[in-house]
Amino acid sequence: MKEIRTRFAPSPTGYIHIGNVRSAIYPYLIARQNDGKFILRIEDTDRARYVEGATELIEDTLKWLGLEWDEGPIVGGENGPYFQTERKDHYIAWAKKLIETGRAYPDDTPSEKIDEYRKEDNAKKIPYLYRNHRPASAENSPEENLEIWKEGTPLRFKADPKNYEWKDEVMGEMHTGPEVCDDIILIKKDGLPTYNFAHIIDDAEMGVTHIARGVEYLSSMPNYLALYEALGLDRPLFLSLPHILAPQGNKKLGKRDGAKSVTEYRDDGVLPEAMLNYLACLGWNDGTEKEIYSKDELIKAFSIDRIQNSGARFDEVKIYWYNGQWIRKIADEQGIDELYSRTKGFWPEVAENEPEDYKKKVLSIIYDRLKTLSDLKSMTEYFFVDPKIDASMILENKFLKKLSETELIELLTLTIERLNDVSDWSEENLQKELNDLLAKSGKKPAEYFSLVRIAVSFAPFSPALHQTLSVLGRDKVLSRLNMTRTALVSG
RNA sequence: GGUCUCGUAGUAUAACGGUUAGUACAACGGGUUUUCAUCCCGUCAACGCGGGUUCGACUCCCGCCGAGAUCACCA
């Protein structure tokens with residue numbers, strides 16, 4: 001059986017955003033599922049749009065998502081080079097074959113002239129096709145054209161207009177008429193190939209069996225098929241992936257709509273597991289009601305024929321839901337140490353020099369409140385530094401505003417006196433003490449506990465009170481209670 | 001304009017001729033005798049329209065409408 005080989009072939013023009021990362025994920029899953037190979041190829045033939053550092057950005061993104069490639073930059077491989085600019089001689093060689101068979105011709109028609117053709121046809125309301133304006137060189141003999149073609153002169157394909165039929169693994173049976181076949185540019189003025197030409201050569205030479213790419217390439221398919229034919233190459237399998245839609249409107253999600261880069265979500269504290277899970281399931285499902293998939297589960301469950309053929313809207317709210325699920329899943333299944341290892345860089349600055357054990361304890365009581373890891377910044381500060389006392393948070397609290405200041409002060413005094421005598425600062429014992437205090441206070445749980453909670457944290461919310469007090473430790477709790485009481489006393 | 005694709009609740013989706021059209025997110029309400037969250041329970045909410053075919057259509061066919069893609073020496 002032929003080895004399954006898939007590829008992701010981005011051009012280094014910037015970051016990978018949410019809208020195009022699925023064309024990396026699906027090929028990856030297909031390769032892994034079939035013990036095949038996943039190739040990364042950098043399509044850098046557009047020197048004008050080339051962005052320094054973009055290749056590294058792409059590599060970073062794939063690595064973060066866990067989409068390791070078997071051949072490509074860094075790792076190398078037998079079918080390299082994996083940068084198109086380093087494969088120029090391959091394209092030239094194939095281009096010459098096409099000239100030899102009379103299927104390509106040099107064309108130095110100036111672009112102004114081409115624009116004119118286009119305008120003329122538009123004015124006449126006939127579809128613009130370059131093959132209706134072929135220059136004399138299109139009729140030269142192969143020998144002649146081989147002779148006159150030199151770097152600096154664009155090379156065009158000589159189309160053979162006819163019907164094409166093919167199967168798209170996602171969209172189904174396809175067919176088009178001759179009106180879409182045209183003389184496309186193969187080699188540009190700068191001597192580099194166009195995408196249209198280069199990707200076909202590369203995929204063939206790299207043994208790619210499945211090409212997955214956005215549906216925008218669907219309308220170019222007849223020209224690609226013509227090229228496969230003219231080059232004598234076997235067609236691979238084609239997968240047209242529907243677009244991911246922007247949050248508003250019906251357009252595909254692109255950088256202009258503010259499509260965030262994948263790594264931006266990483267920096268916001270989204271876990272790669274959640275991102276991969278969400279993106280894979282956006283436009284694909286296995287027919288069951290399962291929602292949470294690990295990478296291995298995706299590899300097992302994935303199937304091409306269940307890829308959705310309509311566009312799917314990217315929903316930021318849902319990815320945060322997935323992220324919450326994954327935060328809890330990792331903590332519960334792999335332990336708090338594993339989750340902790342993901343949190344570097346997400347703690348508030350004041351926590352920087354705090355001991356890891358302490359941060360792990362904080363994490364262990366707060367993780368089920370996190371939607372993203374960056375929530376740690378806003379949610380845990382009071383564990384590391386005394387909060388700013390803001391009496392209004394107590395006085396205006398919905399549970400506390402009916403209590404008088406005197407009552408509040410008395411309750412704090414009661415608490416301080418009792419806790420002063422407590423030496424067993426475990427969660428269990430604190431829970432017991434707090435229950436006793438609650439009984440003594442004569443208040444409703446929401447009233448008494450809210451007071452203590454706010455008095456030590458001055459945060460809008462916090463973990464369960466006994467846990468918060470236990471992790472905070474005896475000294476911090478008592479000193480903060482005292483400070484808060486003093487503040488209330490002095491009004 | 002030519003060519004092509006798509007069309008189930010606000011969103012993502014299930015159904016592959018027969019179900020009270022299922023699930024998840026969101027929204028709303030409630031519970032878990034402490035906040036926020038988790039977790040649990042409940043409510044709201046959909047087959048674009050019109051014709052066929054059929055005993056029966058979300059499902060098959062046709063037309064329409066709507067949305068999108070593409071028509072580069074960009075990928």
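User: Where is Lys-125 found, and what makes it count as buried or exposed?

Analyst: Lys-125 is found in the loop between H4 and helix H5 (142-148). Helices here are DSSP runs of H or I with at least four residues, strands are E runs of at least two, and both are numbered from the N terminus. A residue is buried if 20 or more other C-beta atoms lie within 10 Å of its own, exposed if 12 or fewer, and partly exposed in between, with C-beta atoms placed from the backbone. Lys-125 has 6 other C-beta atoms within 10 Å, so it is exposed. This is a predicted model: local features need pLDDT of at least 70, side-chain atom pairs count only at pLDDT 80 or more, and totals for chains, interfaces and linings use all residues. Residues are numbered from 1 along each chain as its sequence is written, while chains are lettered from A and ligands numbered from 1 in the order in which they are written.

User: What is the phi of Lys-125 near?

Analyst: It is near 60 degrees, a positive value in a residue other than glycine. Most residues other than glycine have a negative phi.

User: What makes Phe-458 count as buried or exposed?

Analyst: Phe-458 has 20 C-beta neighbours inside 10 Å, so it counts as buried. Phe-458 lies in the loop between H18 and H19. Its phi is also positive, near 45 degrees.

User: Which residues of H19 are buried?

Analyst: They are His-466, Thr-468, Leu-469, Ser-470, Val-471 and Leu-472. That is 6 of the 8 residues of H19, and the helix is mostly covered. The cover includes helix H13 (356-366), helix H17 (427-441), H18 and helix H20 (474-489). Just after H19, Gly-473 takes a positive phi of about 95 degrees.

User: What is the omega of the peptide bond that joins Gly-80 and Pro-81?

Analyst: Omega is about -5 degrees, and the bond is cis. Pro-81 is found in the loop between helix H2 (54-65) and H3.

User: Why are H3 and H6 called roughly perpendicular?

Analyst: The axes of helix H3 (residues 88-100) and helix H6 (residues 195-205) cross at roughly 100 degrees. Axes are lines fitted to C-alpha atoms, for helices over the stretch in contact, and angles run from 0 to 180 degrees between N-to-C directions. Angles under 35 degrees count as roughly parallel, over 145 as roughly antiparallel, 65 to 115 as roughly perpendicular and the rest as oblique. H3 and H6 are therefore roughly perpendicular to each other.

User: Which residues meet there?

Analyst: His-90, Tyr-91 and Trp-94 in H3 meet Phe-197, Ala-198, Ile-201 and Glu-205 in H6. Contact requires C-beta atoms, placed from the backbone, within 7 Å.

User: What makes E3 and E7 the edges of their sheet?

Analyst: The open sheet has 3 strands in the order E3-E4-E7, with antiparallel pairing. Strand E3 (104-106) and strand E7 (185-187) each have a single partner strand, so one side of each is left without a neighbour in the sheet. The twist averages 35 degrees from one strand to the next.

User: How do you know that E3 and E4 pair?

Analyst: Two strands pair if DSSP finds at least two bridges between them. E3 and strand E4 (residues 155-157) have 3 bridges, in the antiparallel sense. Pro-106 stands opposite Leu-155 in E4.

Definitions and conventions:
Two residues are in contact if their C-beta atoms, placed from the backbone, lie within 7 Å.
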